[in-house]
Amino acid sequence: MDAPSVSQQEVTNLLARWSHGDDAALAELTPLIYEELRRIAHRHMGGQRPDHTLQTTALVNEAYLRLADQTNPSWQNRAHFFAVAARAMRQIVVDYARSYQTQKRGGGALKISLDEVALVSPEESKEIVDLHEALETLATLDSRKAQVVELKYFGGLNYDEMAEVLKISRVTVRRDWEFAKLWLYTELRSGT
């Protein structure tokens with residue numbers, strides 16, 4: 001049990017060093033976070049076609065590039081970093097789903113790579129965009145509940161990690177998650 005907390009603390013320390021301009025910390029951090037990013041991406045891609053290994057890698061690489069490309073990161077801790085990673089992955093998946101829908105409707109001016117097309121299956125592109133739009137609506141009604149969904153669904157964070165990121169109790173996170181699941185289910189069903 002000690003190893004995970006040491007690893008979490010090491011990640012937090014490296015994130016703090018990187019936030020303060022130590023680029024060498026990013027090099028040390030990369031192998032520590034890459035597998036966790038793969039786990040989060042794999043969770044995203046779980047409902048996709050069985051040959052999703054390359055797609056998971058493409059999602060991780062794109063998210064990593066977006067995170068590493070930040071000029072003045074200000075990471076609070078490990079949980080904050082993975083919350084931002086979850087948001088980046090969500091946006092990547094939604095962007096690719098929208099790109100697919102645009103391409104499907106004949107918007108030939110938009111060019112996307114083979115990896116981008118392979119990332120989201122045609123059957124799920126509409127569902128991904130619908131979920132994104134429902135989350136945006138939920139965010140206007142209750143932003144914290146929308147954040148809980150994003151952290152849980154897109155980030156794979158547990159209740160304790162979400163409570164840390166949102167600075168609320170674990171019980172509140174659980175309640176928000178239960179409410180948001182029901183709200184999203186109702187919202188997505190009413191839209192079909």
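A pocket, on a 1 Å grid over the protein atoms alone, is an open set of points where a 1.4 Å probe fits, with protein on both sides within 12 Å along at least five of seven lines; lining residues have an atom within 4 Å of a point.

Before going on: this is a predicted model, where local features need pLDDT of at least 70, side-chain atom pairs count only at pLDDT 80 or more, and totals for chains, interfaces and linings use all residues. Residues are numbered from 1 along each chain as its sequence is written, and side-chain values use heavy atoms, with hydrogens and water left out.

What lines the second largest pocket? The lining is Gln76, His80, Ala83, Val84, Arg87, Gln147, Glu150, Leu151, Val165 and Leu166. Helix 4 (78-104), helix 7 and helix 8 each give two or more residues, and helix 4 has the largest share, with four. Helices here are DSSP runs of H or I, at least four residues, numbered from the N terminus. By class, the lining has five nonpolar, three polar and two charged residues. Nonpolar covers Ala, Val, Leu, Ile, Met, Phe, Trp, Tyr, Cys and Pro; charged covers Asp, Glu, Lys and Arg; the others, Gly among them, are polar.

Now the packing. Helix 7 (residues 143-154) meets helix 8 (residues 159-166) at about 135°, with axes 10 Å apart. Axes are lines fitted to C-alpha atoms over the stretch in contact, and angles run from 0 to 180 degrees between N-to-C directions. Helices 7 and 8 are therefore oblique, given that under 35 degrees is roughly parallel, over 145 roughly antiparallel, 65 to 115 roughly perpendicular and the rest oblique. The contact (heavy atoms within 4.5 Å) involves Arg144, Gln147, Val148, Leu151 and Lys152 of helix 7 with Met162, Val165 and Leu166 of helix 8.

Helix 8 and helix 9 (residues 170-190) pack at about 105°, axes 8 Å apart, and are therefore roughly perpendicular. Here Tyr159, Asp160, Met162 and Ala163 of helix 8 meet Arg170, Val173, Arg174, Trp177 and Glu178 of helix 9. That contact has five nonpolar, no polar and four charged residues.

Last, helix 7 and helix 9 pack at about 90°, axes 9 Å apart, which makes helix 7 roughly perpendicular to helix 9.
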